[in-house]
Amino acid sequence: MKTTVSRRTFIKGGLAGTVAATVLPEKKSQAATFEGYPDGMGVLVDLTRCVGCRSCEAACNEEQKLPQPEKPFDDFSVFDEMHHGQKRRTDETRYTIVNRYDVPGLDHPLFRKIQCNHCQEPACLTSCFVNAYTKTPEGAVIYNPKVCVGCRTCMIACPFYIPTFKYSSAFNPRIMKCIFCYDTRLKEGRPPACVEACPQEALTFGKRNKLIEIGRQRIRETPDKYEDHIYGEHEVGGTAWMYLSSVPFDQVGFDTHVPKEPILNYVKDFLGIVPMVLTIWPALFAGFHLLATRKDWLKNKNEDTHEEE
Amino acid sequence: MRTRKKLLRTTLALAIGSVLLWPQPGSAMEAADAPETVEINSLSRLYSGVDFNHAMHTEIATCVQCHHHTTGGEVTDPNCIRCHAKSGESDTVSCQECHSSDRFSKEDLSKRDNPALYHIDKPGLKGAYHLNCVTCHQKTGGPTGCQDCHTMTEAGEKMFQTGKYAPTETTGGEHSGH
């Protein structure tokens, strides 16, 4: 009996191939690191300036034609609302929320605006298998309801719990989230409605790179006023919306444990292996199977030929 | 020849005038020269304008607290003093002369792209008013509610969905309750 490939060499070759395939994509994934569009816009939110007037919420509701709220936007009792032990959050009827935080040792409350942070390398976008999300060169993370299948993976992927599902339209799946007023304003170089409405200029609109410069200048010139950190400069690989605060960020509801690199980096290497697994593994294991059952097959064949004789 | 003479005369008059008017160190615009009230209404849309009682405020605050380095006494802020210790009085002291009323417009943003510019973070007019007034009012116990200074207009009521535009039991409550 003469075989061209012995079982041992076949397994050796298979293993070598698997190892090579596992090692190679790593180089590829490093080259694919995306640092954001150079002229992408952003907003710097300064918590020391916000007075909790809710003008941004009202302006957003009007601009995005969202449903009427339960309470008027000049009703400040909403700051005391708690839902399942949590402060208010964004949902299908509101793309942005201002929450109040009573910080121990501080004689006045602090207010924090919440909306999509428009990540440089968004987890919602990379998790979406129908590419419903787009990061535009202007800096916005926008969403296309036409291709969305309503799987809601983006809601799980988002480190800031921003995308919400419109449960009221079950057969027409639709994610609701802040789109940086892309269609109506950002595309034309105009600031989003919330920024324009803010009386305190707590929201500063500009090129993301410039905003980091501005943030640094504020910290440098009034060091007693600010924490020496711009939240969003590096968090989850950088976000277009960034924050300045007078108190440690975890005291005003920020998740300070989010990684400093894009969420994508944690799954990129794994995802790189998927095509290899799908192409090499079937052939590899089919080969194992054929080799393992070869003896039986030969035996059967020999018996057949004996019978024929 | 006549025009030349006229020009010379004007130049001379201007030269003498500017020497006489040149701000002496420490001297300031007299508070008495300042207006009694200032009507602040160039931006009013959602809220009506403010009849700002300037005279009253000159009694409780110094000029530089609001006018920075443009008028009043000497600059004390260590960040401003670096350049404005001797910059003297400005020709005009109105807020909108320096603070842009179209903040965040393309033009405003491109002006700030100049790498040699220090004032990249100068607030727009609306921001300048509120940051100046509200910050001081918070410290001194002055009025801080929106309608304590200016009443809401109908356009404001519409945007804030309050007053006659307030949600009723039947129209409101589309909120999913998360």
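User: Which element gives the most to the lining of the second largest pocket?

Analyst: This is a predicted model, in which local features need pLDDT of at least 70 and side-chain atom pairs count only at pLDDT 80 or more, whereas totals for chains, interfaces and linings use all residues. Residues are numbered from 1 along each chain as its sequence is written, chains are lettered from A and ligands numbered from 1 in the order in which they are written, and side-chain values use heavy atoms, with hydrogens and water left out. Strands are DSSP runs of E with at least two residues, helices are runs of H or I with at least four, and both are numbered from the N terminus; β2 (97-101) and β3 (110-114) of chain A each supply at least two residues of this lining. The element that gives the most, with three residues, is β3(A).

User: How much space lies in the second largest pocket?

Analyst: On a 1 Å grid over the protein atoms alone, a pocket is an open set of points with protein on both sides within 12 Å along at least five of seven lines, a cavity is a set where a 1.4 Å probe fits but cannot get out, and lining residues have an atom within 4 Å of a point. The pocket is lined by 26 residues, with A:Gln86, A:Arg88, A:Arg89, A:Ile114 and A:Tyr161 nearest its centre, and the lining divides into 10 nonpolar, 10 polar and six charged residues. Taking volume as the space filled by probe spheres set on grid points that are joined across faces, edges and corners, the value is about 620 Å³.

User: How many of the residues lining the largest cavity are charged?

Analyst: The structure holds six cavities of 30 Å³ or more, and the largest has about 220 Å³ of space. Its lining has 19 residues, of which A:Arg54, A:Pro69, A:Glu70, A:Arg88 and A:Arg94 are the closest to the centre. Asp, Glu, Lys and Arg count as charged, Ala, Val, Leu, Ile, Met, Phe, Trp, Tyr, Cys and Pro as nonpolar, and the others, Gly among them, as polar. On that basis the lining has seven nonpolar residues and five polar ones, and the number of charged residues is seven.

User: Which elements give two or more residues to the lining of the second largest cavity?

Analyst: About 130 Å³ of space lies in the second largest cavity, whose 16 lining residues include A:Cys50, A:Cys53, A:Cys56, A:Cys198 and A:Ala202 nearest its centre. By class, this lining has 10 nonpolar, three polar and three charged residues. The elements that give it two or more residues are, in chain A, β1 (41-46) and α2 (55-63).

User: Which residue of β9(A) stands opposite A:Val43?

Analyst: Strands pair if DSSP finds at least two bridges between them, and β1(A) has five bridges to β8(A) in the antiparallel sense, with A:Val45 opposite A:Leu203 of β8(A). β1(A) also runs parallel to β9(A), joined by four bridges. In β9 (residues 241-244) of chain A, A:Met242 and A:Leu244 point one way and A:Trp241 and A:Tyr243 the other, and all are buried (under 20% relative accessible area, with exposed over 50% and partly exposed in between, for a 1.4 Å probe and protein chains only). The residue opposite A:Val43 is A:Trp241.

User: Why does the pair of A:Phe285 and A:Phe288 count as edge-to-face?

Analyst: Rings of Phe, Tyr and Trp (its six-membered ring) pair if their centres lie within 6.5 Å, and planes under 30 degrees apart count as stacked, over 60 as edge-to-face and the rest as tilted. A:Phe285 and A:Phe288 lie three residues apart, about one turn, in helix α7 (residues 264-292) of chain A, and their relative accessible areas are 43% for A:Phe285 and 30% for A:Phe288. Their ring centres are 5.6 Å apart, and the pair is edge-to-face because the planes stand at 70°.

User: How many residues apart are B:Tyr47 and B:Phe160?

Analyst: The rings of B:Tyr47 and B:Phe160 are also edge-to-face, with centres 6.2 Å apart and planes at 65°, and both residues are buried. B:Tyr47 lies in the loop between β1 (37-40) and β2 (50-53) of chain B, and B:Phe160 in helix α9 (residues 154-160) of chain B, so that the pair links distant parts of the chain at a separation of 113 residues.
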